[in-house]
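Here is a short briefing for a reader who is new to this structure. Take a look at the model before reading on.

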Amino acid sequence: MNTKKIRRFVEKFYIFIVLLIVVVFFSIAAPRFFTVLNLTNILVQNSYLIIATIGIAMIMISSGADLSVSYQIGIISVVLGKMMTKAGLPIWLSLAAALLLGVVLGSVNGLCAIKLKVHPMVATMATMTIYQGIAFVTSNSETYFDFPAFFKKIGQGKLGPIPICVIIMIVAVVVGYFLLNKTYFGRYVYSIGGNEEATRLAGVNTTKVRLLIFVVAGLFVAVSAIVLTARTGSASAGIASDAMFSCFTACILGGISFAGGGGNVLSVIISVLIIGVLSNGMQMMGYSIYSQYIAKGVLLVAAIAYDNFQKTQRMKED
């Protein structure tokens, strides 16, 4: 096997290779790591992140960005908590309101980027601050507990041996894959990321599609917020304060370029699991949360460096 074939193999399967390496490492370094219970816990703990990252991946594939995801989740969690604990509203109505709120927040992000004609990263940096303020003002910095048992089952219950939140995650993955790979919407997402002007000249209303991408992402974020709130049994403004970094890192590590136009759902999901395994394994080895921050930061730098390396290699080949 020559060097070019090896490089192509690594480029195609590098994300699986990285996951295998970290799993093998922690299986040796932390004896209690490689157990069914712990591996299931990793899936449960990261189910909400996987769901949210699917939505963020769609935005990044279209050459956009969303820095506000952490506080979108925070607002939805707080509103959900207040509706069920303070207002005493039915679960179905609270869930419907949470999904609708996700659509609204996603739409605001999209409209800010489109109407102000700025890069979505700049627009969502502004909305991130706004959403953070709204989340803390709405909750008055309180944390809400005492949710109905049925609601908590969404995040803590099981259907047979499989956690319900993992089932919801799998459904979200299937829906995300279908939207990106089997629909015109998905084709437009990739096409806009590759060349928006050419897509517009081909007759596609790129403005509407861009807005729809943010709306769909908002729905995924809302489902993520529901799962996280149910799993923790609490609702607060800062419930997912590190979600943005994890989503962003997973997308870059999963092969979604800053320029957009490429990437796939499966690689992004594997990337979230790599981050989850890293956190879980380091925790089992006794490392502090701050050490985990360092490791995640190094992982992001490595992902960006690899992305740049791949671009340079492609340019040389062309």
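This is a predicted model: local features need pLDDT of at least 70, side-chain atom pairs count only at pLDDT 80 or more; totals for chains, interfaces and linings use all residues.

Helix α9 (residues 206-232) takes part in two of the contacts described here, with α6 (residues 149-156) and with α7 (residues 164-182). Two packed helices are described by the angle between their axes and the distance between the axes.

**How α6 meets α9**

- The axes of α6 and α9 come within 7 Å. They cross at roughly 105°.
- Angles of 65 to 115 degrees count as roughly perpendicular, so α6 and α9 are roughly perpendicular to each other.
- On the α6 side, the contact is made by F151, K152, I154, G155 and Q156. On the α9 side, I226, V227, T229, A230, R231 and T232 take part.
- By class, the residues of this contact of α6 with α9 are five nonpolar, four polar and two charged.

**How α7 meets α9**

- The axes of α7 and α9 come within 11 Å and cross at roughly 170°.
- Angles over 145 degrees count as roughly antiparallel, so α7 and α9 are roughly antiparallel to each other.
- From α7, the contact draws on C165, I168, A172, V175, G176 and L179. From α9 come V216, F220, V223 and V227.
- The contact of α7 with α9 has nine nonpolar residues and one polar residue.

**Helix α2**

- Helix α2 covers residues 36-61 and has a kink of about 50°. The kink is centred on N46.
- Of the 26 residues of α2, 19 are buried, so α2 is largely enclosed by the rest of the structure.
- S63 follows α2 and has a positive phi, near 70°.

**Helix α4**

- Helix α4 covers residues 91-115. Its 25 residues should span 36 Å at 1.5 Å a residue, and the end C-alpha atoms are 36 Å apart, which agrees.
- Buried residues of α4 include I91, S94, L95, A98, L101 and G102. Others among them are L105, G106, S107, N109, G110 and A113.
- What do the buried residues of α4 pack against? They pack against α3 (69-86), α5 (120-139), α6 and α9.
- L95 lies in α4. Beyond residues up to four places away in sequence, L95 touches L80, F151, I154 and I226.
- The C-alpha atoms of L95 and M84 are separated by 9.5 Å. These two residues are eleven residues apart along the chain.
- K117 follows α4, with a positive phi near 55°.

**Two buried loop residues**

- S234 is found in the loop between α9 and α10 (243-253). A235 has its place in the loop between α9 and α10 as well.
- Is S234 buried or exposed? S234 is buried, with a relative accessible area of 13%.
- A235 is buried too, with a relative accessible area of 0%.
- Leaving aside neighbours within four places in sequence, S234 is in contact with S77, T143, Y144, F145, F147, T229 and I239.
- Not counting residues up to four places away in sequence, A235 touches S77, V78, G81, E142, T143, Y144, F147 and T229.
- The C-alpha atoms of A235 and A303 are separated by 32 Å. These two residues are 68 residues apart along the chain.

Conventions
Residues are numbered from 1 along each chain as its sequence is written. Side-chain values use heavy atoms; hydrogens and water are left out. Axes are lines fitted to C-alpha atoms, for helices over the stretch in contact, and angles run from 0 to 180 degrees between N-to-C directions. Helices (H or I, at least four residues) and strands (E, at least two) are DSSP runs, numbered from the N terminus. Angles under 35 degrees count as roughly parallel, over 145 as roughly antiparallel, 65 to 115 as roughly perpendicular and the rest as oblique. Contact means heavy atoms within 4.5 Å. Ala, Val, Leu, Ile, Met, Phe, Trp, Tyr, Cys and Pro count as nonpolar, Asp, Glu, Lys and Arg as charged, and the others, Gly among them, as polar. The bend at a residue is the angle between axes fitted to the seven residues ending there and the seven starting there. Buried means under 20% relative accessible area, exposed over 50%, partly exposed in between (1.4 Å probe, protein chains only). The expected span of a helix is 1.5 Å times one less than its number of residues.
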